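Me: I would like to go through this model and ask, for each label, what value and what cut-off stand behind it.
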Amino acid sequence: MQDPNADTEWNDILRKKGILPHKEDANQAAEEELIQYQKPIVKTYEDMTLEELEENEDEFSEEDERAIEMYRQQRLAEWKATQMKKVFGEVLEISGPEYVQEVTKAGKGVWVILHLYKQGIPLCALVNQHLSELARMFPETKFIKAISTTCIPNYPDRNLPTIFVYRDGDIKAQYVGPLVFGGMNLTKDELEWKLSDSGAIKTELEENPRRKIEDKLMSSIRTSAPLKNNSDSEED
């Protein structure tokens, strides 16, 4: 039987009529095989780290280099954004001498939330608990706490808890005394909403959670009022 891959005149006629498949060019077949072999081991620049891009820079064409530069800038921006979000994430305890460094020199554009407290005051402990949660939720904001008299000598306990909000060394908001915080019924969401009013954090809460409690309270009062009047009428 004649070899169908042989270069004969008869085989050429059969190929033209479609009886035999066209013979692949040997060089083309070898090249395709080489490409298939290289594919698993050659990384595209999208898969490379910034360090690998630097190492393989000489192997790219001019068009590739333009695309790589755009990709490098994008990766760099993403990395910087990620690093910024990891800057804080917890409540830092400071004393008076550290105030300038941690608050005034916190950095351009950095929001700082400072809680002045004292041990033994339950509402201060509650605020510290809520701030610890908020610090994890908003790591781009700097949360600090300090015993009140270490920052402000003779600061009265009746003003505690006190929260100062700073940006670029300037006070942007202040919350002083237990009445401002609503007493021991203060929730984490209420404190989050209050601090978001200052701009220090960007809450995803859609409305003031305190308002829901007030609305329920008013609704309860309205519901119970007629019952009281009916009771009075029956007694008369």
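Me: Why is Tyr166 called buried?

Reply: Tyr166 has 5% relative accessibility, and buried means under 20% relative accessible area, with over 50% counted as exposed and the range in between as partly exposed (1.4 Å probe, protein chains only), so Tyr166 counts as buried. This is a predicted model, in which local features need pLDDT of at least 70 and side-chain atom pairs count only at pLDDT 80 or more, while totals for chains, interfaces and linings use all residues. Residues are numbered from 1 along each chain as its sequence is written, and side-chain values use heavy atoms, with hydrogens and water left out.

Me: What makes Tyr99 and Tyr166 an aromatic pair, and of which kind?

Reply: Rings of Phe, Tyr and Trp (its six-membered ring) pair if their centres lie within 6.5 Å, and planes under 30 degrees apart count as stacked, over 60 as edge-to-face and the rest as tilted. A search of the whole structure finds two aromatic pairs; in the one formed by Tyr99 and Tyr166 the distance is 6.0 Å centre to centre with 75 degrees between the planes, and the pair is edge-to-face. Tyr99 lies in helix α5 (residues 99-104) and Tyr166 in strand β4 (residues 162-167), so this pair ties together parts that are 67 residues apart in sequence. Ring pairs also link Phe164 with these two residues, Tyr99 and Tyr166, into a cluster.

Me: Why is Tyr99 described as partly exposed?

Reply: The relative accessible area of Tyr99 is 25%, which is why Tyr99 is classed as partly exposed.

Me: How do you know that Lys188 is buried, and which residues is Lys188 in contact with?

Reply: Lys188 counts as buried because its relative accessibility is 19%. Lys188 is found in helix α9 (residues 188-198), where helices (H or I, at least four residues) and strands (E, at least two) are DSSP runs numbered from the N terminus. With neighbours within four places in sequence left aside, Lys188 is in contact (heavy atoms within 4.5 Å) with His130, Glu133, Leu134 and Met137.

Me: What makes a set of residues a nonpolar core, and which residues touch the most other members of the largest one?

Reply: A nonpolar core is a set of buried Ala, Val, Leu, Ile, Met, Phe, Trp, Tyr and Cys residues joined through side-chain atoms within 4.5 Å. In the largest core, of 21 residues, Leu131, Phe143, Ile163, Val165, Leu191 and Leu195 touch the most other members. At least two residues each are supplied by β2 (111-117), α6 (122-137), β4, β5 (170-176) and α9, and the largest share of this core, six residues, comes from α6. Another core, of 15 residues, lies apart from it and includes Cys124, Ile144, Ala146 and Phe164.

Me: How do you know that β4 and β5 pair?

Reply: Two strands pair if DSSP finds at least two bridges between them, and six bridges join β4 to β5, which run antiparallel. Thr162 stands opposite Val176 in β5, and in the hairpin of these strands, with two residues between them, Asp168 takes a positive phi near 55 degrees.

Me: What is the confidence in the chain, and where is the pLDDT below 50?

Reply: pLDDT is the predictor's confidence in each residue, from 0 to 100; the mean for the chain is 79, and 61% of its residues reach 70 or more. Over residues 37-42 the pLDDT is below 50, and this stretch has zero contacts in the model beyond near neighbours in sequence.
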